[in-house]
Amino acid sequence: MSVLIAVTALPCGLLIGLLLGALGGGGSVLAVPALVYLLGQSPHAATAGALVVVAVGAVSGLVCHARAGRVRWVAGAAFGALGTAGSFTGSRWSASVNPGVLMAAFSGLMLVVAVGMVMRGNRGNRDGRRAAAEETGAVAAAGTATAAGPVGPAELERSKGPERSKRPQERATWAVSLWDAVRTSSGRRTAACASRGSGAGSHRTRPLRTVVTASAVGLLTGFFGVGGGFVVVPALTLVLGLEMPVAVGTSLLVILINSGAALATRAGTGSLDWPLLATLAACAAAGSGLGNRLAGQLRPQTLTTSFAALVTVLALAMAATTLPSL
């Protein structure tokens with residue numbers, strides 16, 4: 001690894017880690033274009049090498065979520081194990097695809113991620129405004145009741161209205177992804193379960209749907225070399241009925257298993273630049289810590305919009321470069 005490439009890898013890894021730490025996902029989708037266009041890797045080597053960065057990021061994030069008790073180990077391990085067949089298939093398929101076609105498909109994936117991030121930000125704004133309006137209404141109701149006489153805890157809770165008590169469970173079922181836009185009757189049934197006091201306990205798990213979804217997630221990881229958190233999180237909420245914070249933590253275990261399976265499949269298909277990947281992964285891990293601090297200082301909408309804009313520009317540039325040669 002030359003000095004120039006090493007110096008280029010430092011800011012790339014830090015940027016990937018910053019996005020992972022600040023947004024909780026999505027940053028690994030930048031690893032492939034960084035490896036191809038800035039670090040001189042072939043598309044096939046880049047999709048394989050990006051799995052190393054994804055795995056390291058998943059381990060560092062998994063430790064933090066596990067300490068907070070937000071990882072369901074059995075469910076995550078089972079979901080990840082079901083996806084190993086998809087990871088194997090995706091890795092083999094990716095190795096046989098024309099490099100230009102692979103990069104064109106990856107640019108399409110990046111556009112999907114950008115749209116999903118924008119929709120997540122817009123939904124977060126609407127939820128925030130709704131919560132503020134409900135809070136204002138509850139305070140006003142409590143003030144009116146106080147003027148009429150003493151108010152006890154039960155009366156104060158009733159003044160907040162039924163929607164206030166249901167909101168945490170309802171919001172837990174909304175997946176942070178493009179799936180919010182195409183949510184079907186199965187998603188509405190999940191929301192109904194959540195409003196009755198959900199979680200994994202009250203959600204009926206359908207084995208066939210679980211197997212198909214897990215295999216699709218593994219296929220995505222194996223083919224593109226990305227973690228696929230924007231798919232794993234909604235899959236865990238809609239299919240397994242996990243609440244959002246738990247789904248985010250558990251998704252890292254699924255990503256780690258799928259990435260490991262995909263890497264094992266690609267082990268004999270070509271050589272990886274391990275010094276370069278180690279540098280990139282180490283910088284990403286360091287940047288993740290900085291991103292966590294940055295998340296508390298900037299508005300989530302600002303971070304989400306900036307990330308979506310960056311990914312969109314990169315996707316269009318990749319498409320403009322690869323499509324004419326196909």
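The chain holds 14 helices and zero strands, where helices (H or I, at least four residues) and strands (E, at least two) are DSSP runs numbered from the N terminus. This is a predicted model, in which local features need pLDDT of at least 70 and side-chain atom pairs count only at pLDDT 80 or more, while totals for chains, interfaces and linings use all residues. Residues are numbered from 1 along each chain as its sequence is written, and side-chain values use heavy atoms, with hydrogens and water left out.

Let's begin with the whole chain. Of its 326 residues, 44% are buried, meaning under 20% relative accessible area, with exposed set at over 50% and partly exposed in between (1.4 Å probe, protein chains only). Contact here means heavy atoms within 4.5 Å. Among contacts between residues at least 6 apart in sequence, 81% join residues at least 24 apart.

Now step inside. The largest nonpolar core has 57 residues, and V29, L35, F79, F106 and M110 touch the most other members. Such a core is a set of buried Ala, Val, Leu, Ile, Met, Phe, Trp, Tyr and Cys residues joined through side-chain atoms within 4.5 Å. Helix α6 (residues 99–148) gives the most to this core, with eight residues.

After α2 comes G40, with a positive phi near 75 degrees.

F79 takes us to another pairing. Helix α4 (residues 73–82) and helix α12 (residues 244–266) have axes that come within 8 Å and cross at roughly 35 degrees; these axes are lines fitted to C-alpha atoms, for helices over the stretch in contact, with angles running from 0 to 180 degrees between N-to-C directions. On the α4 side, W73, G76, A77, F79, G80 and A81 meet T250, L253, V254, I257 and N258 of α12.

Finally, look at H65 in helix α3 (residues 43–67). H65 is buried, with a relative accessible area of 16%. Beyond its neighbours within four places in sequence, H65 is in contact with R70, V71, V248, G249 and L252.
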